[in-house]
Amino acid sequence: QGHSKSDQHGIVIYSLSCDGAWRENSVFQLLCKIYSNRLPESFEILDGRFSGNHQLDLFLKRIVTFPSRIFSIINVECLPQSLQEVILHFLSRLSSCNSKKINVNLIQG
């Protein structure tokens, strides 16, 4: 029960168009759907509001190390442009040369 594998793999980008409490509620509902009504493990989610280069580097390594897990980056728009580009290049390389199926969700407001 601790491990949750998704039947669907890939890179999914969600863009929410609401503000304030509506946005927080929408993010929560979306995460519930992504994680099949379970809470994500702390290592499966990264919040762009509170993340720097080191946290992002560790998170991206986890995606490679645990390809069967579901990973989500929320508040992507809060990351500096340089870190957003790191994510883009990482996912581009991973999807083009990796035989492992991954499940990465990017959520921005």
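**Around the second pocket**

Mentor: Start with the second largest pocket: β1 (10–15), α3 (81–97) and β4 (103–108) each supply at least two residues of its lining. This is a predicted model, where local features need pLDDT of at least 70 and side-chain atom pairs pLDDT 80 or more, while totals for chains, interfaces and linings use all residues. Residues are numbered from 1 along each chain as its sequence is written, and side-chain values use heavy atoms, with hydrogens and water left out.

Trainee: Which element gives the most to that lining?
Mentor: α3 does, with six residues. Helices (H or I, at least four residues) and strands (E, at least two) are DSSP runs, numbered from the N terminus.

Trainee: What volume does the pocket have?
Mentor: About 230 Å³. A volume is the space filled by probe spheres set on grid points, which are joined across faces, edges and corners. On a 1 Å grid over the protein atoms alone, a pocket is an open set of points where a 1.4 Å probe fits, with protein on both sides within 12 Å along at least five of seven lines; lining residues have an atom within 4 Å of a point.

Trainee: And what classes of residue line it?
Mentor: Seven nonpolar, three polar and one charged. Ala, Val, Leu, Ile, Met, Phe, Trp, Tyr, Cys and Pro count as nonpolar, Asp, Glu, Lys and Arg as charged, and the others, Gly among them, as polar. The lining includes I11, Q84, E85 and L106.

Trainee: Let's zoom out. How many helices and strands are there?
Mentor: Three helices and four strands. From the N terminus, the order is β-α-β-α-β-α-β.

Trainee: What share of the chain is buried?
Mentor: Of its 109 residues, 38% are. Buried means under 20% relative accessible area, exposed over 50%, partly exposed in between (1.4 Å probe, protein chains only).

Trainee: What about contacts along the sequence?
Mentor: Take contacts (heavy atoms within 4.5 Å). Among those between residues at least 6 apart in sequence, 78% join residues at least 24 apart.

Trainee: Now strand β3. Is I73 buried or exposed?
Mentor: I73 lies in β3, and it counts as buried because its relative accessible area is 1%. Leaving aside neighbours within four places in sequence, I73 contacts L46, F59, L79, I87, N105, L106 and I107.

Trainee: Where does D47 sit?
Mentor: In strand β2, residues 45–47. D47 is classed as buried because its relative accessible area is 16%. Its side chain makes a polar contact of 2.7 Å with that of N75. A polar contact is a pair of N or O atoms within 3.5 Å; within protein, one must be able to donate a hydrogen and the other to accept it, and residues adjacent in sequence count only if both atoms are side-chain atoms.

Trainee: Last one. What does the N105 side chain pair with?
Mentor: The side chain of N103, through a polar contact of 3.3 Å. N105 is found in β4, and at 3% relative accessibility N105 is buried.
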